[in-house]
Amino acid sequence: MNTYWTHLDSPVGRLLLTADASGALTSLSVPGQKGGRTVRDDWRADAGPFREAAEQLAAYFAGDLKEFDLPLRAHGTAFRERVWEALDTIPYGTTTTYGEIAARIGASRAAVRAVGGAIGANPLLIVRPCHRVIGATGALTGYAGGLDRKVWLLTMERGKSAITAPAPPSGAATSPPATSAALQQEIIGFG
């Protein structure tokens, strides 16, 4: 099975995108991501399969795109795939909780920890918006891409003036901007 890859610069760092032979996006990783992918020798470097993803990501970071429309193909257990599909239903600029995701997929409250594990294993950061999931208390709990990126993405989606509008990925910074404790407290009230 062929795996294609490319890098894209973005306001949250250099993204690594992979796709299968059909062109479906199979992963999107950020630098230092817990469980993120790294380029393998048997993958093919080819930006061609990623043109649409690059355009949509640029529009998203510019604040012009609220919902991605890309072919996605992430493989996991049936449970993980149900959780990942539920992530796709979280509207732009809003947040939900792990418990609410569990309820959406018909899982018990006892399954919240398993839901968290599935969200943490999401291979398609940003396009499958796991950054929009917070703790039941409003706490900004873990994010495989790092809490600073989670805060930055939520802030960007809310259009907060505390950060400057990001440049499209072609002029991207190498790391997300730092976020003040006061801004983090404001984001906790997203819901």
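A: Rolling a probe the size of a water molecule over the atoms shows where empty space is left. Here, the largest pocket holds about 250 Å³ of space. Grid points are joined across faces, edges and corners, and the volume is the space filled by probe spheres set on the points. The largest pocket is lined by 15 residues, and those closest to its centre are Glu-67, Phe-68, Asp-88, Val-127 and Pro-129.

Q: Before we go on, what kind of model is this?

A: This is a predicted model, where local features need pLDDT of at least 70 and side-chain atom pairs count only at pLDDT 80 or more, while totals for chains, interfaces and linings use all residues. Residues are numbered from 1 along each chain as its sequence is written, and side-chain values use heavy atoms, leaving out hydrogens and water.

Q: What is the lining of the largest pocket like by class?

A: The lining has 10 nonpolar, no polar and five charged residues. Here Ala, Val, Leu, Ile, Met, Phe, Trp, Tyr, Cys and Pro count as nonpolar, Asp, Glu, Lys and Arg as charged, and the others, Gly among them, as polar.

Q: Which residues line the second largest pocket?

A: That pocket has a volume of about 200 Å³. Its lining consists of Lys-34, Tyr-98, Gly-116, Ile-119, Gly-120, Cys-130, Gly-142, Tyr-143 and Ala-144. By class, that gives five nonpolar, three polar and one charged residues. Helix α4 (residues 112-120) supplies the largest share of this lining, three residues.

Q: What is the order of the strands in the open sheet?

A: Two strands pair if DSSP finds at least two bridges between them. In this structure, four strands form an open sheet in the order β3-β2-β1-β4, with mixed pairing. β3 and β4 stand at the edges with a single partner strand each, so one side of each has no neighbour in the sheet.

Q: Which way do the paired strands run, parallel or antiparallel?

A: Take them pair by pair. β1 and β2 (residues 15-19) run antiparallel and are joined by five bridges; Thr-6 has Leu-17 as its bridge partner in β2, and Trp-5 stands opposite Thr-18. Thr-18 in turn stands opposite Ser-27 in β3, where four bridges join β2 and β3 in an antiparallel pair.

Q: What lies in the turns of the hairpins?

A: Between β1 and β2 there are six residues, and Gly-13 in that turn has a positive phi of about 110°. The hairpin of β2 and β3 has five residues between its strands, with Gly-23 at a positive phi of about 95°. Ile-126 lies in the loop between α4 and β6 (133-134).

Q: How do I judge whether something is buried or exposed?

A: Buried means under 20% relative accessible area, exposed over 50%, and partly exposed in between (1.4 Å probe, protein chains only). Buried residues make up 47% of the 191 residues. Four of the five residues of β1 (residues 4-8) are buried, so this strand is largely enclosed by the rest of the structure. In β3, five of the five residues are buried, so β3 is largely enclosed too. Ile-126 is buried at 1% relative accessibility, whereas Gly-63 is partly exposed at 26%.

Q: Which residues does Asp-20 touch?

A: Contact means heavy atoms within 4.5 Å. Not counting residues up to four places away in sequence, Asp-20 touches Asn-2, Tyr-4, Thr-26 and Arg-73. Asp-20 sits in the loop between β2 and β3 (25-29) and is buried, with a relative accessible area of 9%.

Technical notes. 1 Å grid on protein atoms, 1.4 Å probe; cavity = no way out; pocket = protein on both sides within 12 Å on 5 of 7 lines; lining within 4 Å. Helix = DSSP H or I, 4+ residues; strand = E, 2+ residues; numbered from the N terminus.
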